[in-house]
Amino acid sequence: MTDLAINAADRDISERLCDQVRNAYETRTPLRIAGGNTRAFYGRPVEGQPLHMAEHSGIVSYDPVELVVTVRAGTRLSVLQAALAEHHQMLPFEPPSFGENSTIGGAVATGLSGPRRPWAGAARDFVLGTRIITQEGKLLRFGGEVMKNVAGYDLSRLMTGAQGTLGVLADISFKVLPVPTASHCLRLSLSLEEALHKLAELGREPLPITAAAWHAGELFIRLEGGESSVKATRERLGGEPLEASFWASLRDHTHDFFKRRDDPPLWRLSLPPNTAPLALDIPQQDIFYDWGGSQRWVKTTLDAATLRKACQAAGGHATCYTPQAQGGAAEPFTPLNSVVEKYHRRLKAELDTHAIFNPGRLYAAL
């Protein structure tokens with residue numbers, strides 16, 4: 001077990017962060033929480049005094065036997081992944097990394113997951129506990145060994161995907177998993193209709209699939225698990241070998257699909273499993289089907305209302321990844337209905353009374 005004691009320098013950084021939050025609360029000064037700034041494009045722009053988290057970094061404790069790691073929010077994602085890899089372990093939700101300065105705090109705050117998400121689970125499913133800097137500048141622990149908290153909220157899960165609007169993530173504890181013993185990636189030449197039918201068929205069987213995507217006439221599949229299971233499935237499916245790095249390029253948006261210049265705004269459509277292609281006037285080459293078709297990356301000049309209406313009719317929602325300054329939507333996230341918005345407002349008022357934490361990041365009124 002690795003256990004790195006918190007030294008005086010670490011305490012100074014924590015105290016400085018708490019003091020800045022406490023002062024902001026007392027003076028009602030908005031804060032813009034910043035780690036590696038690699039996810040600043042995601043959501044609405046925030047105006048506020050920077051709260052720099054990058055120095056609050058390092059692995060607090062790691063027990064490979066118990067499959068639990070606790071890490072400070074400013075720790076670079078690459079550093080954490082390298083430490084886990086030494087013990088042949090990984091973060092199962094495969095968080096995207098949008099640059100070398102990407103931090104684990106940013107990964108949890110945005111709540112984004114990679115290609116493995118439909119088969120392994122989302123980011124919040126692997127967060128065991130957190131230490132959070134509250135609006136009063138107090139550093140409190142939630143989750144982990146503490147099964148309930150006095151506030152009545154599961155704050156560790158609430159913070160995942162909240163974009164820093166409810167408090168400041170200081171430390172995060174994760175459940176990690178062993179890296180699969182065998183892996184094989186393949187590609188099949190199939191039309192979209194054939195690929196979606198194939199994925200629906202395969203989804204009814206206990207196969208070692210951990211990623212599936214389609215684009216431009218090709219179905220991409222990743223197999224992971226035991227040697228015999230991967231081998232048998234590989235022989236059954238056939239196809240051409242695919243470089244394992246393909247999934248990292250899709251996850252981190254370094255694939256050529258995301259890199260073409262002068263492209264229309266990029267949208268992420270989240271839809272239920274086995275949803276048929278939406279009736280939208282978008283060329284197939286401008287759509288990348290991920291998560292077996294449940295997550296679709298779309299480049300289009302269609303207006304937000306048209307996209308969101310089509311997604312909502314299918315039981316999903318649409319998020320714009322391109323900032324408004326570059327032609328994206330004014331509201332990146334699907335507007336909340338009145339009932340859900342009411343609960344969002346209540347939660348925000350309870351945990352961030354003076355709206356100092358990343359104000360307007362998710363929605364203008366929050």
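The largest pocket has 39 lining residues, and those nearest its centre are Tyr 42, Arg 124, Gly 161, His 317 and Phe 333. The model is predicted.

**Largest pocket**
- The space in the largest pocket comes to about 1,000 Å³.
- At least two lining residues of this pocket come from each of helix 5 (155-159), strand 15 (266-270), strand 18 (317-320) and helix 11 (338-351).
- Helix 11 supplies the largest share of that lining, at three residues.
- By class, the lining of the largest pocket consists of 17 nonpolar, 16 polar and six charged residues.

**Second largest pocket**
- The second largest pocket holds about 640 Å³ of space.
- Its lining is made up of 39 residues, with Ile 33, Arg 39, Ala 40, Asn 358 and Arg 361 closest to the centre.
- Strand 2 (31-34), helix 3 (104-110) and strand 9 (168-175) each give two or more residues to the lining of the second largest pocket.
- Helix 3 contributes the most to this lining, with four residues.
- The lining of the second largest pocket splits into 18 nonpolar, 17 polar and four charged residues.

**His 56**
- His 56 sits in the loop that runs between strand 3 (49-52) and strand 4 (59-63).
- His 56 counts as buried because its relative accessibility is 3%, and buried means under 20%.
- A polar contact of 3.1 Å joins the side chains of His 56 and Asp 171.
- Leaving aside residues up to four places away in sequence, His 56 touches Ile 13, Ser 14, Leu 17, Arg 72, Ala 73, Gly 74, Thr 75, Ala 170 and Asp 171.

How values were computed. Residues are numbered from 1 along each chain as its sequence is written. This is a predicted model: local features need pLDDT of at least 70, side-chain atom pairs count only at pLDDT 80 or more; totals for chains, interfaces and linings use all residues. Side-chain values use heavy atoms; hydrogens and water are left out. Buried means under 20% relative accessible area, exposed over 50%, partly exposed in between (1.4 Å probe, protein chains only). A polar contact is a pair of N or O atoms within 3.5 Å; within protein, one must be able to donate a hydrogen and the other to accept it, and residues adjacent in sequence count only if both atoms are side-chain atoms. Contact means heavy atoms within 4.5 Å. On a 1 Å grid over the protein atoms alone, a cavity is a set of points where a 1.4 Å probe fits but cannot get out, and a pocket is an open set with protein on both sides within 12 Å along at least five of seven lines; lining residues have an atom within 4 Å of a point. Grid points are joined across faces, edges and corners, and a volume is the space filled by probe spheres set on the points. Ala, Val, Leu, Ile, Met, Phe, Trp, Tyr, Cys and Pro count as nonpolar, Asp, Glu, Lys and Arg as charged, and the others, Gly among them, as polar.
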